[in-house]
Amino acid sequence: MEMKVHSQNTHYHWYKIQARHWLNNAKHISFPESEMKQILEELCETVPSALMKASETAKPLFKKEVGEAITNGTMACLDKMKRQLAAL
């Protein structure tokens with residue numbers, strides 16, 4: 001999965017995007033960095049339960065391994081984001 005986030009360089013692969021990239025992107029578009037940090041913190045809190053709900057709903061549609069790969073990858077990114085936000 002890809003998306004475009006501006007910072008010093010443009011980042012496309014979502015699993016490589018770090019908290020500082022989002023904060024730099026906020027600065028790039030004249031969005032308050034403090035609000036961006038708050039949004040990221042809120043995402044770290046709300047995504048796990050939304051992911052579990054979506055996973056339960058999607059179980060009949062996907063192989064177990066696909067769901068686990070998506071869940072594990074997303075949770076790893078969230079854990080990394082939490083650590084980075086705590087260090088700011």
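Me: In which loop is S30 found?

Reply: S30 lies in the loop between α1 (19–28) and α2. Please keep in mind that the model is predicted.

Me: How many salt bridges does the count give?

Reply: A salt bridge is read here from a side-chain nitrogen of Lys or Arg within 4 Å of a carboxyl oxygen of Asp or Glu. By that rule the count is 3. One of them joins the side chains of K37 and E41, at 4.0 Å from N to O. K37 and E41 both belong to helix α2 and sit 4 residues apart, about one turn of the helix. K37 is partly exposed at 24% relative accessible area, and E41 is partly exposed at 36%.

Me: How far apart are the closest N and O atoms of K64 and E68?

Reply: They are 3.8 Å apart, in a salt bridge. K64 and E68 are separated by about one helical turn because they are 4 residues apart in helix α3. K64 is exposed, with 63% relative accessible area, whereas E68, at 38%, counts as partly exposed. A further salt bridge links E56 with K59, with the closest N and O atoms 3.2 Å apart; both E56 and K59 are exposed.

Me: Which residues line the second largest pocket?

Reply: Among them are L51, K59, F62, K64, E68 and I70. The pocket holds about 280 Å³ of space. Helices α2 (33–58) and α3 (64–87) each supply at least two lining residues, and α3 gives the most, with 5.

Me: Is Q84 buried or exposed?

Reply: The cut-off for a buried residue is under 20% relative accessible area. Q84 stands at 18%, so Q84 counts as buried. This residue is in helix α3 and, leaving aside residues up to four places away in sequence, touches Q18 and A19.

Me: How many disulfides does a search of the whole structure find?

Reply: In general, a disulfide is a covalent bond between the sulfur atoms of two cysteines. The search finds 0 disulfides in the whole structure. As for accessibility, C44 is buried at 4%, and C77 is buried at 17%.

Technical notes
Residues are numbered from 1 along each chain as its sequence is written. This is a predicted model: local features need pLDDT of at least 70, side-chain atom pairs count only at pLDDT 80 or more; totals for chains, interfaces and linings use all residues. Side-chain values use heavy atoms; hydrogens and water are left out. On a 1 Å grid over the protein atoms alone, a cavity is a set of points where a 1.4 Å probe fits but cannot get out, and a pocket is an open set with protein on both sides within 12 Å along at least five of seven lines; lining residues have an atom within 4 Å of a point. Grid points are joined across faces, edges and corners, and a volume is the space filled by probe spheres set on the points. Buried means under 20% relative accessible area, exposed over 50%, partly exposed in between (1.4 Å probe, protein chains only). Contact means heavy atoms within 4.5 Å. A disulfide is a pair of cysteine sulfur atoms within 2.5 Å.
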